[in-house]
Amino acid sequence: MNSILKKVLTYFVLPLIIVGLTWAIVRSVMEPVNFNKHRAYRESVAIQRLKDIRDLQVAYKNVNGRYASTIDTLKMFYNEGKMKITMNVGSKDDSLAMAHTDQIKKKYRHLKGEKLNAKLNELYLAGDQNLVFQIVTEIPVKDTIFNQRTDFNVDELALIPFSGDSIIMQSTIKTVSGVKVPLFEASMPFKSLLKGLEPEQLRINLDAEREDQGRYKGLQVGSISAPNNNAGNWE
């Protein structure tokens, strides 16, 4: 009986224990590796979305003098807004062209600003190529920003990737050294961005580490507490 039991332990039980221990060791080693791999991929997608928000916010501020307070406002700006684009015709380094342009301006001295530039553009299109002036035109925002991007979808702009939770965004105007400064921030907490990644304890540990460091527990671009040149906390 002892012999049979010994054989069972030797040929069946011990190998199972060894396999189980090996699997447990491999799992303990691979869990953080896999977690960090998936975390890095999710963060890369999230960072691109926060950069897109930043680009739209900068464009919005250039038009409106402040940052948008909601992503819905940014989406409307992208879909329906217009931006002024300045096109330079000719070169100010060309002295002959500058002298010729001055003569034309004297001839049409009764025209000012945009009306004068419109007249110069009319003459330019009619064949007078020896002119120096600027043309300011308005074009749709969507024709200037991300128009070469096949991966941009404005309808997804408000969502945290991989979770569907909403991005947190705020804007304000603060007085800094006596100057009013528009500020904004947009953030994605790890709790949403890394939702569903196992083991969850690693995400909890990451939050605790950020908290100990006094850093935001997630990804964030901009800041409403102090100017930071709209930097992302990953940069």
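1. Some terms before the sheet: two strands count as paired if DSSP finds at least two bridges between them, and helices (H or I, at least four residues) and strands (E, at least two) are DSSP runs, numbered from the N terminus. With that in hand, nine bridges join strand β3 (residues 168–176) to β4, and the two run antiparallel.

2. Ground rules for what follows. This is a predicted model, in which local features need pLDDT of at least 70 and side-chain atom pairs count only at pLDDT 80 or more, while totals for chains, interfaces and linings use all residues. Residues are numbered from 1 along each chain as its sequence is written, and side-chain values use heavy atoms, with hydrogens and water left out.

3. The overall layout: the protein comes to six helices and five strands. Reading along the sequence gives α-α-β-α-α-β-β-β-α-α-β. Of the 235 residues in the protein, 33% are buried; here buried means under 20% relative accessible area, exposed means over 50%, and partly exposed is in between (1.4 Å probe, protein chains only).

4. Back to the strands. The hairpin of β3 and β4 has two residues between the strands, and Ser 177 in that hairpin takes a positive phi near 55°. On its other pairing, β4 meets strand β5 (residues 218–222) in the antiparallel sense over five bridges, with Met 188 standing opposite Leu 219 in β5. How covered are β4 and β5? Strand β4 (residues 179–189) has eight of its eleven residues buried, and β5 has five of its five buried.

5. Helix α6 is worth a look for its geometry. It has 14 residues (200–213), which at 1.5 Å a residue should span 20 Å, and the end C-alpha atoms are 20 Å apart, so the two agree; the expected span is 1.5 Å times one less than the number of residues. Its buried residues are Arg 203, Leu 206, Asp 207 and Arg 210. Seen down the axis of α6, these buried residues fall within an arc of 100°, so they line one face of the helix (the arc is that of the directions from the helix axis to the C-beta atoms).

6. Just after α6, Gly 214 takes a positive phi of about 70°. In the loop between α5 (190–193) and α6 you will find Pro 199, and a cis peptide bond joins Glu 198 to Pro 199, with omega about -5°.

7. As background for the backbone angles, most residues other than glycine have a negative phi, and most peptide bonds are trans. Which other residues would I click on? Phe 162 has phi near 75°, a positive value in a residue other than glycine; Phe 162 is in the loop between β2 and β3 and is partly exposed, at 40% relative accessible area. Asn 230, also not a glycine, has a positive phi of about 60°; Asn 230 is in the segment after β5 and counts as buried at 13% relative accessibility.

8. The largest pocket has a volume of about 190 Å³. It is lined by 15 residues, of which Lys 92, Lys 105, Val 132, Phe 133 and Gln 134 lie nearest its centre. The elements giving two or more residues to this lining are β1 (82–89), α3 (95–107), α4 (113–125) and β2 (133–140). By class, the lining has five nonpolar, seven polar and three charged residues.

9. How the pocket terms work: on a 1 Å grid over the protein atoms alone, a pocket is an open set of points where a 1.4 Å probe fits, with protein on both sides within 12 Å along at least five of seven lines, and lining residues have an atom within 4 Å of a point. Grid points are joined across faces, edges and corners, and the volume is the space filled by probe spheres set on the points. For the classes, Ala, Val, Leu, Ile, Met, Phe, Trp, Tyr, Cys and Pro count as nonpolar, Asp, Glu, Lys and Arg as charged, and the others, Gly among them, as polar.

10. Last, a contact across the sequence. Met 76, in helix α2 (residues 71–80), is exposed at 51% relative accessible area.
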